[in-house]
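Welcome! Please take a moment to look over the sequence and the 3D view before reading on.

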Amino acid sequence: GNVDVTVTTGYHGGQVKLGSTQLSLPALQSRLHLESIDLVRLGEAFCLEVVGEHLPPLTEFYLDLKYDPNHFRLLRVAKGRFSLEGSPISWSPGTNDIINGMVYGVSAKRQEPVSEAKTSLARFFLVPIRAGDSELSIEKLQLTPQLSGNMPVYAPRIKINIKEAKQ
């Protein structure tokens, strides 16, 4: 929307108004997606991040991650920037079901909303154990506060091509 901007300067005796104007700022589209490296090789660990951009004031999230246990082994789940900066939080790396390839209940809660334009919610470290194409996806996502009518553009899955290891 429209924002009034005033520029002033200060000195020992007071302030001087240099000018003012009105800016028209475009609405930024919220976006949530999975982000990873482009090339994944058999046996080489990599990081998959759940990334939010231009999210509304967010204080809590919950998600499950699905992976193919025939193609990947989950090494660990780590906090994203959402849980590392700002107000005190609660964090759960979830529970890994290695038979079904699901990480249930990855969540974090903070007192103050995240203020960054781009933040990672969680990071998943995986190692490919079989070459070929596979998919990783968010199966369940809850964001708090509940978003009314402006849910982010949501890309819940990512395809990964696992190449043979370098010789």
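Keep in mind that the model is predicted.

**Strand 9 and its partners**

Let us begin with strand 9, which spans residues 102-110. This strand is mostly covered, since seven of its nine residues are buried. Strand 9 pairs with strand 6 and also with strand 8, as the table shows.

| Partner of strand 9 | Residues | Bridges | Direction | Facing residues |
|---|---|---|---|---|
| Strand 6 | 60-66 | six | antiparallel | Phe61 opposite Ala108 |
| Strand 8 | 89-97 | eight | antiparallel | Thr95 opposite Tyr104 |

In each facing pair, the second residue named belongs to strand 9: Ala108 stands across from Phe61, and Tyr104 across from Thr95.

Strand 8 and strand 9 also form a hairpin, with four residues between the strands. In this hairpin, Gly101 takes a positive phi near 70°.

**A patch on the surface**

Now turn to the surface. Which residues form a nonpolar patch there? They are Val7, Tyr11, Val16 and Leu18, and together they have about 390 Å² of accessible area. Two elements each give two or more residues to this patch: strand 1 (2-11) and strand 2 (14-24).

Is Leu18 buried or exposed? The relative accessible area of Leu18 is 58%. Exposed means over 50%, so Leu18 counts as exposed.

Note on methods. Residues are numbered from 1 along each chain as its sequence is written. This is a predicted model: local features need pLDDT of at least 70, side-chain atom pairs count only at pLDDT 80 or more; totals for chains, interfaces and linings use all residues. Side-chain values use heavy atoms; hydrogens and water are left out. Buried means under 20% relative accessible area, exposed over 50%, partly exposed in between (1.4 Å probe, protein chains only). Two strands pair if DSSP finds at least two bridges between them. Patches are made of residues with over 30% relative accessible area and no salt bridge: like charges are joined within 9 Å, nonpolar side chains (Val, Leu, Ile, Met, Phe, Trp, Tyr) within 5 Å. Accessible areas come from the Shrake-Rupley method with a 1.4 Å probe; for residues, only the protein chains shown count as cover. A salt bridge is a side-chain nitrogen of Lys or Arg within 4 Å of a carboxyl oxygen of Asp or Glu.
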